[in-house]
Amino acid sequence: MNKFDVGILLRFAKACVVFIIFLFGFYIVLPTTFQYTFSYIRLIVTMVYNDEQRHEVEEKLSWQQEFYLQEMEMLFNQQICAKRQHPHLNVAWLTAMMNDNYAVGAIYLAYVIKKLSCHHKMIALVSDGVTKKSQDALKKAGYEVRNVEPLDCDWMDRRKGNIERHLGLPGTHMRFHAWNYTEYDSIVYLDPDVMPLNNIDELFWLDAEMAASYCARPGILDPCFNAGLLMFKPSSKSYNEIMNMWSHLSTGTNCPNDQVLLWHYYADNNKWLPLPYAYNVRRYLYHPMKVYHFACCLTKKPWKMPQPTDIELQTFKGPLTEPNEVVLLWWKHFKDALVYFELNNWYEEIKNTI
């Protein structure tokens, strides 16, 4: 040990002795004040040590309240709707699908819209890949079923006189048809794998041409939006401009998907309104959470997951803290939907084909 280290130790020892003498004098002169001061110091240290645990308790409590609110809205929101005054606008919910697989998700959507929303006009865009029995099920659930031409990259290749290159997913651009539904003032589009948890009617009244949530949660930079949930104002002019943009950008090996096209059409021209991430939560759980989207990474589509037992469904009381609990809640409402719409036979017929 060199002289420098010895000097430091000596100074530290002297400081400790002085501090101990100070504490002893403090205790002798002001014993009551000393005791209160020591108690406060101990309390502060304990609070700092337990701060993370306190945050976890508060967080779980807020999640539980959020879950109770969702349950209350499912039970009583139609009574609230009966007492509300609504703007005199013609609005509709919209979803789209290419096959019976996503018809299952659409039945779930219809049920929660009937329970949560004050507006029950629902439109389902379907291609000829959706069987007649599933189209009949959609109608029974309250959808106006519109058979439309599936728009995708192969469709664009044919339109331009090119050989089909099978780029992208089949039917991904099919929702573009709805931009011509100008009989509606506002439309909210939902992918069939979207799971509304609360009333989101406020989206219809937004003062914007289009609204959607950014791709990433707050604090993460990802310059895009996710179009699994979006509000838009139908416009034939916008439809033509979007289709022309799609045609112009579909050159060589490139064929932009529908989400990319909508991003460039609306965001590049500053014609969209960013929604809070709570309206399209995906990839992981995030609170507050008004809408969950079974996209990407955490689980498969809920109808592709093992069906929970009746005991699991009956005993689950929330909150939603794990991805599998979101799947559990989806199944709970879906089974209720099959009873509500009298579609158990339909589901038994098609469940092994999806």
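Predicted model: local features only at pLDDT ≥ 70, side-chain atom pairs only at ≥ 80, totals over all residues.
I began with the strand that matters for the lining count: S7 gives the largest share of the lining of the largest pocket, 3 residues.

**Entry: the largest pocket**

I looked up its volume and found about 710 Å³ for the largest pocket. Next I asked myself how many residues line the largest pocket, and which lie nearest its centre. The lining has 28 residues, and Tyr102, Leu169, Thr172, Asp191 and Asp258 are the ones nearest the centre.

I then went back to the secondary structure. Strand S7 spans 225–232, and along with strand S1 (91–97) and helix H8 (258–267) it supplies at least two residues of this lining. I also sorted the lining of the largest pocket by class: 13 residues are nonpolar, 10 are polar and 5 are charged.

**Entry: the second largest pocket**

I moved on to the second largest pocket, with a volume of about 200 Å³. I listed its lining in chain order: Phe67, Gln70, Glu71, Met74, Leu75, Tyr111, Lys115, Phe316, Leu329, Lys332, His333 and Asp336. Which elements give two or more residues to that lining? I found helix H3 (51–83), helix H4 (100–116) and helix H10 (323–340).

Helix H3 provides the largest share here, 5 residues. By class, I noted 6 nonpolar, 2 polar and 4 charged residues in the lining of the second largest pocket.

**Entry: for the next look**

Conventions:
Residues numbered from 1 in each chain as written. Heavy atoms only, no water. 1 Å grid on protein atoms, 1.4 Å probe; cavity = no way out; pocket = protein on both sides within 12 Å on 5 of 7 lines; lining within 4 Å. Points joined across faces, edges and corners; volume = space filled by probe spheres on them. Helix = DSSP H or I, 4+ residues; strand = E, 2+ residues; numbered from the N terminus. Nonpolar A, V, L, I, M, F, W, Y, C, P; charged D, E, K, R; others polar.
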